[in-house]
Protein chains: 2
Amino acid sequence: LVVADGPLKVRFAAGDVGAWRIEQLSPVRGESLAPAPHLSIEEGRPVEAGNSVWALSGVISNLRYTTAIEVAALRAAQAPLGRPAATCAALIPIRKSESWWALPQDERRRIYEEQSYHTTIGLKYLPAIARRLHHGRDLGEPFDFLTWFEFAPEHAQLFEDLVGVLRESPEWTFVEREVDLRLSRRH
Amino acid sequence: LVVADGPLKVRFAAGDVGAWRIEQLSPVRGESLAPAPHLSIEEGRPVEAGNSVWALSGVISNLRYTTAIEVAALRAAQAPLGRPAATCAALIPIRKSESWWALPQDERRRIYEEQSYHTTIGLKYLPAIARRLHHGRDLGEPFDFLTWFEFAPEHAQLFEDLVGVLRESPEWTFVEREVDLRLSRRH
């Protein structure tokens, strides 16, 4: 991990190399991504544009909707990335519609939490499902969000529940592109 | 104006060319910027890294704090850039502290509006002072915000009042770097 001044930039590159093996790559909504055998994750700026099938970038930035009370609850339950038992992962790139981004802050917050329980749902699956969010919209990236999840194989069904519940939420009606990648690494 | 897919990237380049003449460049807090005679403004991606003394970039992105009621009030009072009489401008690059960015969303909102009246104050100076905000933090830029203002010469004192009031606000205690550029162009 590079100590960055400001948000840390993370690049997910699909190709022949990388610590994570891509087990499954499924379009959920809109255009898919090209298949590739491996995924590598590079942290810090600048990142090299290497020899990859595709590469997506995002920054770990400030919280956009989470309140002080929710931050406290998340911190109490949080799980780090890189746990030895967490050999399963998912990368879910999402782009939301222009109508989402045109909403005022309070309306986006209301849909996100008061109607869709986004943080409340994520919290319920902690510490089993570790999660890290990367923002790509201001970077001109094809996806607004790249969410990375890590969990142990015995929590794979829990993870299905989590994404299933979120995809049924009012917030998800604003998702216009979504791809779902499942990955694994050796112990 | 280039029609962009997602946030529009804007680059402010200081050097020998540009529609705006830099009349004054003053450090308000922290390190200043190098002096230069002109400023050019380039909109859209990709932007060329030309021959400039310095260049700062930001994106016109979604609202971060503004509520639906505030959006309605701002829309009713708004003023566009490029008005023929608005031959004065200001560019105010700002970086906030890490302690600001570490705050939860509701605490940042409370300081921004309920304690500092940021939107309320800006609204009071519309339509005389037109304003456009550019976000640089997720881009890894040296400044989190580049705010661009345009006004007629007879509103120059109004503009002094506006920046004076904001700099006295609780929100400004989180500003760790600020530069103030004043500019002019011909009719």
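Author: Let us begin with one pair, in what is a predicted model: A:Asp180 forms a salt bridge with A:Arg167, their closest N and O atoms being 2.9 Å apart.

Reader: Why is the pair of A:Asp180 and A:Arg167 called a salt bridge?

Author: The term asks for a side-chain nitrogen of Lys or Arg within 4 Å of a carboxyl oxygen of Asp or Glu; the N and O atoms of A:Arg167 and A:Asp180 are 2.9 Å apart, so the pair meets that rule. The pair links distant parts of the chain, with A:Asp180 in strand β8 (residues 175–184) of chain A and A:Arg167 in helix α5 (residues 156–167) of chain A, 13 residues apart. Helices (H or I, at least four residues) and strands (E, at least two) are DSSP runs, numbered from the N terminus.

Reader: What makes A:Asp180 buried or exposed, and what about A:Arg167?

Author: Buried means under 20% relative accessible area, exposed over 50%, and partly exposed in between (1.4 Å probe, protein chains only). A:Asp180, at 6%, is therefore buried, whereas A:Arg167, at 23%, is partly exposed. Both residues belong to a network of salt bridges that also includes A:Glu160, A:Glu178 and A:Arg182.

Reader: How do you know which parts of chain A are tied together by A:Glu43 and A:Arg132?

Author: The side chains of A:Glu43 and A:Arg132 meet in a salt bridge of 2.8 Å, N to O. A:Glu43 lies in strand β3 (residues 38–43) of chain A and A:Arg132 in strand β6 (residues 130–135) of chain A, so the pair ties together parts that are 89 residues apart in sequence. A:Glu43 has a relative accessible area of 27% and is therefore partly exposed, while A:Arg132, with 17%, is buried.

Reader: Which salt bridge joins B:Arg64 to chain A?

Author: B:Arg64 meets A:Asp138 through their side chains, at 3.0 Å from N to O. Between chain A and chain B the count is two salt bridges, and over all chains it comes to 26. B:Arg64 is buried because its relative accessible area is 17%, and A:Asp138 is buried because its value is 5%.

Reader: What makes up the area buried between chain A and chain B?

Author: Buried area is the accessible area (1.4 Å probe) that two parts lose on being put together, summed over both. Here that area is about 2100 Å², of which carbon and sulfur atoms give 46%. A:Asn62, A:Gln105 and A:Asp138 supply 28% of the area that chain A buries against chain B, more than any other three residues. Taking contact as heavy atoms within 4.5 Å, the interface draws 25 residues from chain A and 25 residues from chain B.

Reader: How do you know what has been counted, and how the residues and chains are named?

Author: Residues are numbered from 1 along each chain as its sequence is written, while chains are lettered from A and ligands numbered from 1 in the order in which they are written. In this predicted model local features need pLDDT of at least 70, side-chain atom pairs count only at pLDDT 80 or more, and totals for chains, interfaces and linings use all residues, while side-chain values use heavy atoms, with hydrogens and water left out.
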